[in-house]
Amino acid sequence: MAAAVRWVLVAAVAAAAVVALDNGVARTPPMGWLHWERFLCGTDCAAEPDRCVRYRDGMERGGGSRGPGAGRGALRCVAGLRPELQCPPALLPGPSERLFTEMADVMAAEGWKEAGYEFVCIDDCWMAPTRDERGRLQADPRRFPGGIRALADYVHSKGLKLGIYSDVGNSTCAGFPGSYGHYELDAQTFASWGVDLLKFDGCNAGSLGLLGFAYMQCSRVQGCSLSRAARIAGPSGVFLLLSQLVIGNFGLSWEQAVTQMAMWAIMAAPLFMSNDLRRMKPEAKWLLQNKEVIAINQDPLGKQGYRDKSFELWERPLSDRAYAVAVLNQQEIGGPRNFTFSLTFLGNGLACNPACSIQQILPTSRDWGVYNWVSSLSVEVNPTGTVLLRVVPL
Ligand SMILES: *[C@@H]1O[C@H](CO)[C@@H](O)[C@H](O)[C@H]1NC(C)=O
Ligand SMILES: *[C@@H]1O[C@H](CO)[C@@H](O)[C@H](O)[C@H]1NC(C)=O
């Protein structure tokens, strides 16, 4: 079963992976919505009582009838902790199931599902601070009164899939119970709830720092492989998360949004938005639902983009409005290769506007003559070699 694992390394520094748990091999990057970047855990309990979830630092389980929010299994605030972690009365911390049902409603109703976004994903902070008496993870009963199973049913009823979050280490990034030592049980639990996808995070993984290693270990443990759990066909596709698309949130310019969408497409990165779909500007929606970009992201060839690995183009402005231009061929094997580049953009568009003369300086002296703004130049560069040019505007 473990042979079905496929790694798509999107970024070496990525700390999390998404594991497609549903049937069939995930050949294209998964698409969906994930709550984290936009809604976080709610760490400022004073300002955002509805989203405060820092149980471990700011609270402890309260018994009996003491303190605010007391009751069976209730949490109470602990005095004397860091101010940002102190908790107001009437605590209702963390993301609640309403966030996910509302997001599923919008995804089904406003073209997101048609565009390919199929996963509604819960990130960190969904859990109760302790496992249940049988050692299973459990959702916070106040924020998810219907439980994850009911939420999965709701999401499925909208023609969408549900993703959930866990961590390979002893605790999640926000301090909730991690899956270390419970891989099999947790996979079974998620499967019994009808969960379709797991974001497997890499916090607190100790010496298992490498998520991949932890994942492989899990796959080797008898019965541990996520494939063995009921309804789960196999760890069919594993994608490292580049990051979440934050288009539609605060802080990105239009150009940055375009760049993010374009780069995610080039990199074949999972398209997980983390924004508020209930309040989207039309241009953000246009970008995120752009069929041509999504088609590139989802291209069945499954190859990641790359920069032209062989060549680097460097330029340096010189004193007399001239430019030095170096073309470096980084390839170490093979023979000389031609590198063709447009002169239009050289020197911020100034070097050859309207024309320029080009002198080759290295590896041999050569007069390339006069070129105009819209022409291009093709230079032959040896492996590991560089062609150095001097470009003088006319
Ligand atoms: C989790 O905790 C146990 C017990 O303290 C420890 O043996 C184990 O190495 C920890 N795992 C990680 C990944 O740090
Ligand atoms: C590079 O281009 C020149 C001119 O078109 C050509 O004569 C030469 O053979 C090419 N070199 C290589 C390695 O393709």
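Tutor: Two residues are in contact if their C-beta atoms, placed from the backbone, lie within 7 Å. This is a predicted model, where local features need pLDDT of at least 70, side-chain atom pairs count only at pLDDT 80 or more, and totals for chains, interfaces and linings use all residues. Residues are numbered from 1 along each chain as its sequence is written, with chains lettered from A and ligands numbered from 1 in the order in which they are written.

Student: Of the contacts with a separation of 6 or more, what share comes from residues 24 or more positions apart?
Tutor: Take the contacts in the chain with a separation of 6 or more. Those between residues 24 or more positions apart account for 72%.

Student: Which element has the highest mean pLDDT?
Tutor: pLDDT is the predictor's confidence in each residue, from 0 to 100. The chain averages 73. Elements are DSSP runs numbered from the N terminus: helices (H or I, at least four residues) and strands (E, at least two). Strand 1 (residues 7-8) has the lowest mean, 24, and the highest, 98, belongs to helix 4.

Student: How many residues does helix 3 have, and what is its reach?
Tutor: Helix 3 spans residues 97-109, which is 13 residues. The expected span is 1.5 Å times one less than the number of residues. That gives an expected 18 Å, and the first C-alpha to the last C-alpha is close to it, at 18 Å.

Student: Within what arc do the buried residues of helix 3 fall?
Tutor: A residue is buried if 20 or more other C-beta atoms lie within 10 Å of its own, exposed if 12 or fewer, and partly exposed in between; C-beta atoms are placed from the backbone. The buried residues here are Glu97, Phe100, Met103, Ala104 and Met107. They line one face of helix 3, because the directions from the axis to their C-beta atoms fall within an arc of 130 degrees.

Student: Which exposed residues does the face of helix 3 turned away from the buried side carry?
Tutor: Cover on the buried residues includes strand 3 (31-34), helix 4 (112-115), strand 6 (119-121) and helix 5 (147-157). The face turned away carries Arg98 and Ala109.

Student: Why does His182 count as partly exposed?
Tutor: His182 sits in the loop between strand 7 (161-167) and helix 6 (183-193). His182 counts as partly exposed because its C-beta neighbours inside 10 Å number 19.

Student: Which residues surround ligand 2?
Tutor: Strand 13 (337-342) and strand 16 (376-381) each give two or more residues to the shell. The residues around ligand 2 are Pro336, Arg337, Asn338, Ser378 and Glu380.

Key: A residue is near a molecule or strand if its C-beta atom, placed from the backbone, lies within 6 Å of it.
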